[in-house]
Amino acid sequence: MSQREFQNPTELDERTRQAVYDLFLVLADTKHLLGLRYGEWLGAPAIEASIASVAMAQDEFGHARLFYGLLGDFHQAGVPEREEKPEEYRNFEGLDRAWESWLDFIAANVLVDGALSVQIEALRGSSYVPVRRMVAKIVQEERFHQQHARGWLLRVAREGAKPKAELEKALKRIWEPVLLWLGRPGSEHERALVSAGIQDTDGEGLRTRLIERLGPLLVEEAGLDLPLSNDAITGQWVLGTALSWEGFDDAFRRRSRTGPDPETFRQIESFLGHAYPVGS
Amino acid sequence: MPLTEEALKERIRQGYLVESPEEMTEGYKKALIQILLVQADTELMSAPAYYMAACKAPSLNTRLSAYAIIQDELGHAHITFRLLEDLGLDKEYLIFGRKPHEFKNPYGFDQPLETWVELVVANAFFDRAGIVLLSDPFQNTSYGPWKRALAKVDKEELFHLRHGEVWMRRLCQAGGKVKEEVQRAVDWMFPMGVEWFGMPDHLKRHTAQLEYKLKGKTNDQLRQEWLSAVVPLCEECGIKVPAHYDEEQGQFVLDYPLPCDYDPERKEWLFDKPITWDQVFERWKRRGPYNEYYVNLLQQQYKRFSALFNGNGTAHGS
Amino acid sequence: MRASSPSPSESGRLSEAVVWEALKDVNDPEMPISLVDMGMVYGVSVDPEARAVRVELGLTATACPAMDFIREDVTRRLQREGFQRVEIEWVWDPPWTKDRISEEGRLLLACWGISV
């Protein structure tokens, strides 16, 4: 494990530089799109929830802005800028289109936001100094998201058999893609990130951390039926899902490179080709 | 002994602040509910209108600012609905149970805000109207809880206003097509703001709201205050507005007949078609083109969510 | 208000103390107290020769919608002191927390009915 610190992408070898760039772009796009999705819930089932949704949307945008801000140095170091096309977007695949119901919101709030936290916390002691400086603030802000997610999850799960079953369905829709999103074991990307000390563990390690958090909440507290169980001997949470990596792209962290749907992309496109003086 | 109208009005004249429903007459309570409901609905319905424009934001940063404003507006609506709840009204019904036409927001927030420029002008004009309308009760109202709640609201609206004004200057400095777009937005949004303040004083002077000192200023006074901020801003930006300061009268005067007809489809005021205030009220009652769309946007998931729970409890609570 | 200065040259009075004092005039656009009392000023360094100043600011939130306004207000205020180059760096580490608000700031906020 390298003990070095890096201030600039030029100090990284080419393979690591690309892996770090890919990670930051995945985080930036995912947070950007998560912000868009949260922001759509002006009409949440309670006005307090609408306010919380718009607040969380802003946090996601704020974090996306920080991660996008890291990319400039990479472009200067020769990493080509991506084209502004849907298929070039690297957001988590469950954010491609608008969610149908508030239950999808809760599911993403628990799983997507939760996976993002686990990934970002793994950068806490990062050898890449510019990212390390942002982590504490982001983690601080994400705490509220986890509280919100937990509150709604438990409320719905305790509301009766039907809401609970619907909630399970919503969680299962993104269950596997979220677990995949944390990274494929043994991929070149992971090896680069871990050996250069960019993040403190590999995708398998991140998955373990995520399910250690989710198990007590989803299974024990909420009593939901998900492929997750507690090993009586080791006391550890064990995943009952065999992950299928077919088609998984390590740079995009998704199984298909379709990107956001046309309606969503129109909102991103409004950033391009306008005549307004938006400044820096 | 129940409180008489005269005794209450006398107390208020002496500067007494009403703190709870027990200290109100029926007349006071009715007038208070009416004015609070207009405020709550205005804040609430600005959110979907601003959201519509936020989707056209030209950058992540600008979209972020728009969201911050939307959050504030929802927060203000929430505070105001809570005040209504304290007066015995059902907050949940008010937000999720009413039909679109029952909302009491101004006609301006029944209109589509279709571009970033329209959001900017809305922040400069409509939030200015909000500040003018709310700083009056903030300074003058006889209802204590409202006065205190407005301290936070006032502060945050100032941020929206600054956002609107800074951006208006920025867009106008850019000149060319961008400035023309600002002019087009101002052309329909300025008279919308003027009409917002309602009937002129010579047609309607004494209202319950003034007698109970729920607010302190008349429609014309408030409209003048608004004009004295908005007209100079536009002049500074090189944007034309159909109003000017008249030295002799010592006030702002309009260069078109108020009220006049409006074509919401084309977003166009028909200055050659003067109408009566009764006709204005009819137009307001018919509602603008986006009234239903905005209300549905706010209510739809509540209805779906309640249906999921099959009537065993409501979606709301905490 | 600009303090009159006995120093012979304009650049001679461009010190870090002057910057801190000037920043007490700049309010957080969303709060009724100054950036200094909010504990948002993390550091100041001055190069009097170049009439340049660098201010490290910690925002209360990564999503701060008033970033532009703060930048503008700080720059304008420091230019009034005679600085020609004002550089602002946003600092996230250590993250801003309410503990950074000064005693005076707390009192002011309390007057506004905002509890921290």
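Which residues lie nearest the centre of the largest cavity? In this predicted model, the largest cavity is lined by 15 residues, and those nearest its centre are A:His189, A:Glu190, A:Leu193, A:Asp250 and A:Arg253. Helix H1 (14-39) and helix H6 (188-195) of chain A each contribute at least two residues to this lining, which by class consists of six nonpolar, four polar and five charged residues. The volume of the largest cavity is about 90 Å³, and the count of cavities of 30 Å³ or more comes to three.

The largest pocket holds about 1,600 Å³ of space, and of the 43 residues that line it, B:Gln71, B:Lys152, B:Glu156, C:Met31 and C:Thr60 are the closest to its centre. At least two lining residues each come from helix H2 (47-76) and helix H4 (129-157) of chain A, and likewise from helix H3 (60-86) and helix H6 (144-174) of chain B. The lining of the largest pocket divides into 22 nonpolar, nine polar and twelve charged residues.

For the second largest pocket, the space amounts to about 1,400 Å³, and the closest to its centre among its 50 lining residues are B:Val38, B:Lys104, B:Trp196, B:Gln209 and B:Trp284. Several helices of chain B each supply at least two residues of this lining, including helix H5 (116-140), helix H7 (176-196), helix H9 (219-237) and helix H10 (277-286), while H2(B) gives the most, with nine residues. By class, the lining of the second largest pocket comprises 22 nonpolar, 13 polar and 15 charged residues.

Helix H2 of chain B, residues 26-54, also packs against helix H11 of chain B, residues 291-308, with axes that come within 9 Å and cross at roughly 100°. Because angles of 65 to 115 degrees count as roughly perpendicular, H2(B) and H11(B) are therefore described as roughly perpendicular to each other. The contact is formed by B:Leu44, B:Met45, B:Pro48, B:Ala49 and B:Met52 from H2(B), which meet B:Tyr294, B:Val295, B:Leu297 and B:Leu298 from H11(B). By class, this contact of H2(B) with H11(B) has nine nonpolar residues, with no polar and no charged residues.

Between chains, 13 residues of chain C are in contact with nine residues of chain B. The area buried between chain C and chain B is about 1,000 Å², of which 61% is given by carbon and sulfur atoms. Of the area that chain C buries against chain B, 49% is supplied by C:Pro65, C:Phe69 and C:Trp112, more than by any other three residues.

Key:
Residues numbered from 1 in each chain as written. Chains lettered and ligands numbered in written order. Predicted model: local features only at pLDDT ≥ 70, side-chain atom pairs only at ≥ 80, totals over all residues. Heavy atoms only, no water. Axes fitted to C-alpha atoms, helices over the stretch in contact; angles between N-to-C directions. Helix = DSSP H or I, 4+ residues; strand = E, 2+ residues; numbered from the N terminus. Parallel < 35°, antiparallel > 145°, perpendicular 65-115°, else oblique. Contact = heavy atoms within 4.5 Å. Nonpolar A, V, L, I, M, F, W, Y, C, P; charged D, E, K, R; others polar. 1 Å grid on protein atoms, 1.4 Å probe; cavity = no way out; pocket = protein on both sides within 12 Å on 5 of 7 lines; lining within 4 Å. Points joined across faces, edges and corners; volume = space filled by probe spheres on them. Buried area = accessible area lost by both parts, 1.4 Å probe.
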